[in-house]
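Here are my notes for you to read alongside the model. Keep the structure open and click along as you go.

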Amino acid sequence: MIFYTDAGGMRPAMLDMAQRLADAGYVVLLPDLFYRYGPYGPFVPAEVFVGDFRAILGPLMATTGNDKAAEDSDAFLAYLRSRDDVAGGEFGAVGFCMGGGMALAAAGTYPDRFAAVASFHGGNLATDAPESPHRLAPKLEAEVYIGAAENDGSYPPDMAERFEQALDQAGVRYDTATYRAAHGWMMPDFPVYDHDEAERGWVAMLALFDRTLRGN
């Protein structure tokens, strides 16, 4: 399993979430997506969001993107396959916020290696940008789950429709759900964290991975 973080990068909450996946029986790789930037943080989201979070996180985000994360994923997969505690030939990916598009991009770039990919409050999944995840829909072989937030400016209804149309046209197996929560609700250290809706997300996530990865 590869865990693609949000724009807050590496911090205790990410380790806790990755550990929860590991406790469910998966070998989980939690890469630092901002390694090109150099040392940073760890950031405390409640403090970052009080000020100009774009000024704080923007320079880190500028060092990566869907295309770079997908390129990096080749090394991530090679590492996981080198371990003797990894069983089966297919992998799962999950991403949050910024990481949602990265997880989808990785699965579309290496379609024969991913059986399942989940995105929670992922943004900009269907834009005019050349690296927009929806452009990789024809290559996806993984089953896809999209968990969206209510009133999310980074994933408005028209974008969701565009993304789902791309999946439909490509014949991708997928499911979507809109959660009664704000963008970022899955992250336990975010001010908008919603415990009940987050638990609903975890149930959906683990059901997807258990169905597609167990025994593969």
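1. Let's start with Glu141, which sits in the loop between strand 3 and strand 4. Helices (H or I, at least four residues) and strands (E, at least two) are DSSP runs, numbered from the N terminus. Glu141 is exposed, with a relative accessible area of 51%; the cut-offs are under 20% for buried, over 50% for exposed and partly exposed in between, using a 1.4 Å probe and protein chains only. Glu141 touches Pro111, Asp112, Phe114 and Arg173, leaving aside residues up to four places away in sequence, where contact means heavy atoms within 4.5 Å.

2. A word on what you're looking at. This is a predicted model, where local features need pLDDT of at least 70 and side-chain atom pairs count only at pLDDT 80 or more, while totals for chains, interfaces and linings use all residues. Residues are numbered from 1 along each chain as its sequence is written, and side-chain values use heavy atoms, with hydrogens and water left out.

3. Now for strand 4 (residues 143-149), where seven of seven residues are buried. In a regular strand the side chains alternate between the two faces of the sheet. Here both faces are covered: Glu143, Tyr145, Gly147 and Ala149 on one side, and Val144, Ile146 and Ala148 on the other, are all buried.

4. What are the neighbours of strand 4? Strand 3 (residues 114-120) runs parallel to strand 4 and is joined to it by five bridges; two strands pair if DSSP finds at least two bridges between them. Tyr145 is the bridge partner of Ala118. Strand 5 (residues 174-179) also runs parallel to strand 4, with six bridges between them, and Ile146 stands opposite Thr176. To get from strand 4 to strand 5 the chain goes through helix 6 (residues 157-170), in a right-handed β-α-β crossover. Right-handed means that, with the strands pointing away from the viewer, the path from the first strand over the helix to the second runs clockwise.

5. Three backbone spots deserve a look. Most residues other than glycine have a negative phi, and most peptide bonds are trans. Gly41 and Pro42 are joined by a cis peptide bond, with omega about 5 degrees, and Pro42 is in the loop between helix 1 (12-23) and helix 2. Cys97, not a glycine, has a positive phi of about 55 degrees; it lies in the loop between strand 2 (91-96) and helix 5 and counts as buried at 8% relative accessibility. His121 also has a positive phi, near 40 degrees, and is in the loop between strand 3 and strand 4. At 0% relative accessibility, His121 counts as buried.

6. Finally, which residues lie nearest the centre of the largest pocket? They are Ala7, Met61, Met98, Asn124 and His183, out of 36 lining residues. (On a 1 Å grid over the protein atoms alone, a pocket is an open set of points where a 1.4 Å probe fits, with protein on both sides within 12 Å along at least five of seven lines; lining residues have an atom within 4 Å of a point.) Its volume is about 880 Å³. Helix 3 (53-61) is among the helices that each supply at least two lining residues, and helix 3 gives the most, with five. By class, the lining has 16 nonpolar, 15 polar and five charged residues.

Definitions and conventions: Points joined across faces, edges and corners; volume = space filled by probe spheres on them. Nonpolar A, V, L, I, M, F, W, Y, C, P; charged D, E, K, R; others polar.
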